[in-house]
Amino acid sequence: MPAARVERWVANFVERHGGATLAVTDGALAGTAEDGSDFTAVLPFDASYDGPPDAASFAGAVTSAVPSDWGVLLVRKGGFAVARMTGDTFAESKVGQRHVQGRTKAGGQSQQRFARRRGNQARQAYEAAADHAARILGSGSRLVVVGGDHAAVEEVLGDPRLGALSVVDPWLPVPDPRRGILEQAARDACAARFEVRNAEEAS
């Protein structure tokens, strides 16, 4: 949830559930309603919240938690998007596509040749993603939010040039990376994460 929506959301929660008590627990803002419903809100970038138990202070902390220098890396087979961010602003980015063939129903040697070709195409796509990530994100220590396909992201992050990057939550389950997907991923990375449990679910 973006920082700008936090106060209104908490106010609506309190009103909808007949009142609520806010507290700070384990680095998160927690709300317990009169009807037994509750929520837990955590800051982005694995930051711990230690401010007062009110929505306005937590909303301010959401904005403050966004680093001045961080990155986004999204990878799926055949596509990638990488960005270096200054706060919530794009400093440099690259979105790329590489053709990787789909699966085949052929058998025998044809299937084996196809699998090798598909594997080579995927490897080349990951190498291209790693090249751009190394160029844009650099070799220094930097927080990075990742998403896409787990295996593809791990392949790219396995490049030694990216060894100093520190991956932080949340994992972003994005479709094929495009410019619009990258922009939304950056916004999602800067947002607070709310987990809500309604009274009927708790009983």
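In the predicted model, the side chain of S37 reaches the backbone nitrogen of A199 at a distance of 2.8 Å. S37 is placed in the loop that runs between strand 2 (28-33) and strand 3 (38-42). Its relative accessible area is 1%, and because buried means under 20%, S37 is classed as buried. When residues up to four places away in sequence are not counted, S37 touches F13, H17, G31, T32, R197, N198 and A199.

A192 is found in the loop between helix 5 (179-189) and strand 9 (193-197). The relative accessibility of A192 is 4%, so A192 counts as buried. With neighbours within four places in sequence left aside, the residues in contact with A192 are M1, V42, P44, F58 and V62. Among these, V42 belongs to the range of strand 3 (38-42), while F58 and V62 belong to the range of helix 2 (55-64). A separation was also computed between A192 and P170, which are 22 residues apart along the chain: their C-alpha atoms are separated by 9.9 Å.

The largest pocket of the model has a volume of about 280 Å³. Its lining consists of 14 residues, and those that lie nearest the centre are V66, D88, R187, C190 and A191. Helix 2 and helix 5 each supply at least two residues of this lining. The largest share comes from helix 5, with three residues. Sorted by class, the lining of the largest pocket contains nine nonpolar, two polar and three charged residues. Of the residues nearest the centre of the pocket, V66 and C190 are among those counted as nonpolar, and D88 and R187 among those counted as charged.

For the protein chain as a whole, six helices and nine strands were assigned. The chain has 203 residues, of which 41% count as buried; S37 and A192 both belong to the buried class. Among contacts between residues at least 6 apart in sequence, 59% join residues at least 24 apart. The accessible surface of the chain comes to about 10600 Å², and carbon and sulfur atoms account for 46% of this surface.

Key
Residues numbered from 1 in each chain as written. Predicted model: local features only at pLDDT ≥ 70, side-chain atom pairs only at ≥ 80, totals over all residues. Heavy atoms only, no water. Helix = DSSP H or I, 4+ residues; strand = E, 2+ residues; numbered from the N terminus. Buried < 20%, exposed > 50% of the residue type's maximum accessible area, 1.4 Å probe, protein only. Contact = heavy atoms within 4.5 Å. 1 Å grid on protein atoms, 1.4 Å probe; cavity = no way out; pocket = protein on both sides within 12 Å on 5 of 7 lines; lining within 4 Å. Points joined across faces, edges and corners; volume = space filled by probe spheres on them. Polar contact = N/O pair within 3.5 Å; in protein donor to acceptor, adjacent residues only side chain to side chain. Areas by Shrake-Rupley, 256 points an atom, 1.4 Å probe, with all protein chains shown as cover.
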